[in-house]
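Biologist: Please take me through this model one question at a time, and end each reply on the item I ask for.

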Amino acid sequence: MTGFIDCHCHISDGDFDKDIEDVIENAKKAGLIAVLAVAEYAGEFEKIIQLSQRYPGFIFPCLGVHPVQGIAPDPQRSAILQDLDAALPIIEKYKDHIVAIGEVGLDFTPRFVSSDTDKESQRQVLIQQAAIAKQLDIPLNVHSRSAGRPTIHLLKEQGVEKVLLHAFDGKPSAAMEGVKAGFFFSIPPSIVRSEQKQKLVKQLPLESICLETDSPALGPEKQVRNQPKNISICAEYVSKIKGVPLDTVIEVTTQNALRLFPRLKTLLRA
């Protein structure tokens, strides 16, 4: 199976409401065969499910509660267990349709975390969602901003084996702990302007790399809306850094994604 898989994308974001048809059409023209639509809070779960029904066999839903909660005008804050209350029944309802639990994780950025209590509350939210992923035998699609090592350690402690660490911002040494645990790392188009991502790709084995866009964020240009068609930029840059042919990068990263997300394999063949 050839083509790109965008392993982490916010296609339900309001930035795409006006031209979603064109965005999807452009993605397909660029060679994408699948887009994994991740959630951040329970309020967008139904929208993601609807998009996956509108574009069956192309948009695949991932439902989860992000470590940072709060929608404008409310201030952003660390996730708490109560944030799961609305999420859990919807995850249960669609448990046979989702390909991963996500976007979940830890975010220890100082503006969201003012105490150890905040960190602990994020940990508890992640632990609960890790348990659901294990129970459903599907991967976690993971955010780990300013918390690379703590996230990897917690996932290992919880015995989670199927993990995608998206846009990992930690040190390569921390990432290698994840590689040893069998985790995968997805690389966004912002690699073209991120020395940290370039160093990360240099260290990571190609067998541990997937591709993502994180659209509409993390595009090749700052403050410009990113979209799934930009996935080719990641592949080209990984090819350049690793010194391997572009076709090899596409083939290996796609096979990695299909290995990590077994439901995706089944659904793409359906």
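Biologist: In which helix is Ala-235 found?
Modeller: Residues are numbered from 1 along each chain as its sequence is written, and side-chain values use heavy atoms, with hydrogens and water left out. This is a predicted model, in which local features need pLDDT of at least 70 and side-chain atom pairs count only at pLDDT 80 or more, while totals for chains, interfaces and linings use all residues. Helices (H or I, at least four residues) and strands (E, at least two) are DSSP runs numbered from the N terminus, and on that numbering Ala-235 lies in helix α8.

Biologist: Is Ala-235 buried or exposed?
Modeller: The scale runs from buried, under 20% relative accessible area, through partly exposed to exposed, over 50%, with a 1.4 Å probe and protein chains only. Because its relative accessibility is 0%, Ala-235 counts as buried.

Biologist: How far from Cys-210 is Ala-235 in space, C-alpha to C-alpha, and which residues is Ala-235 in contact with, leaving aside its neighbours within four places in sequence?
Modeller: Ala-235 and Cys-210 are separated by 25 residues in sequence, and their C-alpha atoms are 9.3 Å apart. With contact taken as heavy atoms within 4.5 Å, and with neighbours within four places in sequence left aside, the partners of Ala-235 are Phe-4, Leu-211, Leu-246, Val-249 and Ile-250.

Biologist: At what angle do the axes of α8 and α9 cross?
Modeller: Two packed helices are described by the angle between their axes and the distance between the axes. Here axes are lines fitted to C-alpha atoms, for helices over the stretch in contact, and angles run from 0 to 180 degrees between N-to-C directions. The axes of α8 (residues 231-242) and α9 (residues 246-260) come within 9 Å, and they cross at roughly 115°.

Biologist: Which residues of α9 does α8 meet?
Modeller: The crossing of α8 with α9 is right-handed, a word used when the near helix is turned clockwise from the far one by less than a right angle, left-handed being anticlockwise. From α8 come Ala-235, Glu-236, Val-238 and Ser-239, and their partners in α9 are Leu-246, Val-249 and Ile-250.

Biologist: In β9, which residue is the bridge partner of His-166?
Modeller: Strand β7 (residues 140-143) pairs in parallel with β8 (residues 163-166) over 3 bridges, and β8 is joined to β9 (residues 184-187), also in parallel, by 3 bridges. Within β9, the partner of His-166 is Ser-186.

Biologist: Which residues of β9 are buried on its two sides?
Modeller: In a regular strand the side chains alternate between the two faces of the sheet. Both faces of β9 are covered, with buried residues Phe-184 and Ser-186 on one side and, on the other, Phe-185 and Ile-187.

Biologist: Through which helix does the chain cross from β9 to β10?
Modeller: Strands β9 and β10 (residues 209-211) are parallel and share 3 bridges, with Ile-187 opposite Leu-211. A crossover is right-handed if, with the strands pointing away from the viewer, the path from the first strand over the helix to the second runs clockwise. The β-α-β crossover from β9 to β10 is right-handed and passes through helix α7.

Methods: Pairing = 2+ DSSP bridges.
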